[in-house]
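Work through the exercises below with the sequence and the structure at hand. Each task is followed by its solution.

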Amino acid sequence: GDMGAIMASKQGRGVRRAPSLCILFAIVITIYIIGCTILFYLNTDSDIVNEIPNKNNFNSQLGDQTYVSSDLGRTPKQLEDDGANPTVVMQKRHKKVESSSSKGLKALVTSSDGVVRGNPMEHPLCKDALLHAHQLDKNEMIDAYHARYEKVNQRKRPKYLPPTFWSRETLSAMQASVGRDRLDLHCSILANWNPRNPEETPSNITRAAYMTLGKCGSSSISTMLEGHWKNENGIDFYRVPTNVQKFQGGDSFKFDGDCTFTFVRDPLLKFMSAYFTINFYIAEMGRQKSKSWQEQYNAIIKNYAFWNITTEPARFRTFVYDMINSTNEFLSVRPMDHAYTISGNMSPFFGSKIHFIGRVEQLSDHWEILSKLDHCQDAIRGRETSNHELSFGYLANEFQNHEVTEMLGLTGMDSRTSQKSEFPQYKELIRDQQLLNDIVEHLWQDYVCFGYEPKYPKLGFEYSGKFQMPY
């Protein structure tokens with residue numbers, strides 16, 4: 001009996017000991033897993049630790065993926081409070097994003113024939129080029145924007161902010177004070193479609209669509225297309241209605257088609273052309289007798305300081321820095337919109353499918369390539385074209401207008417034979433490196449997005465600032 005009791009007692013203790021062994025085994029396994037996890041993170045780049053689908057609203061959205069960083073959700077102020085150097089951390093963050101994506105964008109915008117076959121606007125390095133260059137924290141900017149509107153009537157909050165695409169124009173609006181964040185983006189597409197077909201709409205064009213960009217040969221290309229589509233195909237061209245042409249901010253109108261295309265131009269030379277065109281248009285507005293034109297003209301001479309300066313290069317310098325210091329307001333009034341950045345001008349169509357981006361500098365060659373694409377042959381046929389001269393906008397007209405010619409310092413020059421370096425505005429870029437750098441940095445996103453380099457050996461100057469191309 002005693003022996004049976006002892007055996008029963010031992011069996012009982014054995015039963016009670018079994019759970020203890022299981023717990024001990026679980027603890028050992030847990031410690032092992034934690035150790036492996038620590039070793040994994042120690043051997044993994046601490047800046048980019050994971051990739052997840054793009055679900056966060058504005059948390060470093062990068063195309064189809066969101067890069068989740070160990071410091072990504074923290075602002076520079078929070079990083080500083082934690083003892084980190086926010087400048088170094090943000091530099092590392094932007095460098096990692098750039099290095100992970102640069103090859104794709106470079107291949108897209110630096111093809112051997114110069115054609116961009118696709119839409120670089122969708123690429124993270126293009127989309128957030130200014131945020132990277134200025135080392136701006138997107139979350140911090142959005143928080144500051146919302147904080148400004150907490151104290152005012154929420155109905156005044158612009159519907160287009162925060163933006164989907166961070167162009168120079170929308171970035172300026174985001175940084176502006178309440179009541180000064182106006183942003184009008186004028187844009188249009190020229191489309192070849194059949195209005196009798198109920199299945200065809202501006203957002204579902206089955207033939208061809210051309211995104212018009214000011215100072216990028218748009219007048220010449222539009223004239224060419226309108227005549228071609230009307231006379232040869234027997235189908236009227238269609239221009240998107242006014243309520244879609246003029247976007248009150250960054251609302252996106254997506255269009256699609258079998259052959260969608262546009263043409264771009266060197267950012268600085270486009271800007272210089274816009275400067276001359278704007279001066280010409282304002283002078284013409286002052287000559288109009290209609291009340292509406294006179295009201296618009298009077299508003300310009302009242303609110304735009306450069307127009308009241310009658311000598312160059314002081315007039316040009318004032319124009320540049322007024323635009324830089326208040327971009328969104330400055331460009332929201334016509335004809336100032338000729339100075340839009342290319343990326344800003346394209347941003348209202350963000351998300352649209354673009355098959356082909358040609359360059360104005362190679363208009364003849366690229367038009368020929370475009371006309372031979374499978375889906376473009378029926379809508380666009382090869383025509384006699386010449387590579388677009390990098391003109392000064394309406395310079396030929398300005399030379400016939402003594403007032404504008406004198407104001408721009410062009411008296412005695414010939415628009416067709418004079419070299420760019422002879423013009424006072426270009427002479428000022430050669431003389432003042434900081435002015436050149438400021439203009440290039442204002443236009444920086446266009447250099448990144450479309451593969452242009454801010455080097456102008458024939459004009460005698462090149463960019464020497466702090467921004468660096470990400471590829």
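**Aromatic rings**

Phe-330 is buried, with 5% relative accessible area; buried means under 20%, exposed over 50% and partly exposed in between (1.4 Å probe, protein chains only). The model is predicted: local features need pLDDT of at least 70, side-chain atom pairs count only at pLDDT 80 or more, and totals for chains, interfaces and linings use all residues. Residues are numbered from 1 along each chain as its sequence is written, and side-chain values use heavy atoms, without hydrogens and water.

**Exercise 1.** Find how many aromatic pairs there are, and classify Tyr-145 and Tyr-149.

Step 1. Rings of Phe, Tyr and Trp (its six-membered ring) pair if their centres lie within 6.5 Å; planes under 30 degrees apart are stacked, over 60 edge-to-face, the rest tilted.
Step 2. This rule gives 24 aromatic pairs.
Step 3. Tyr-145 and Tyr-149 have centres 5.3 Å apart and planes at 55°, a tilted pair.
Step 4. Both lie in helix α6 (residues 138–149), 4 residues apart, so about one helical turn separates them; helices are DSSP runs (H or I, at least four residues; strands are E, at least two), numbered from the N terminus.
Step 5. Tyr-145 is buried at 0% relative accessible area, and Tyr-149 is buried at 1%.

**Exercise 2.** Classify the pair of Phe-319 and Phe-330.

Step 1. The centres are 5.3 Å apart and the planes are at 80°, so the pair is edge-to-face.
Step 2. Phe-319 is in helix α12 (residues 314–325) and Phe-330 in helix α13 (residues 327–330), 11 residues apart.
Step 3. Phe-319 is buried, at 0% relative accessibility.
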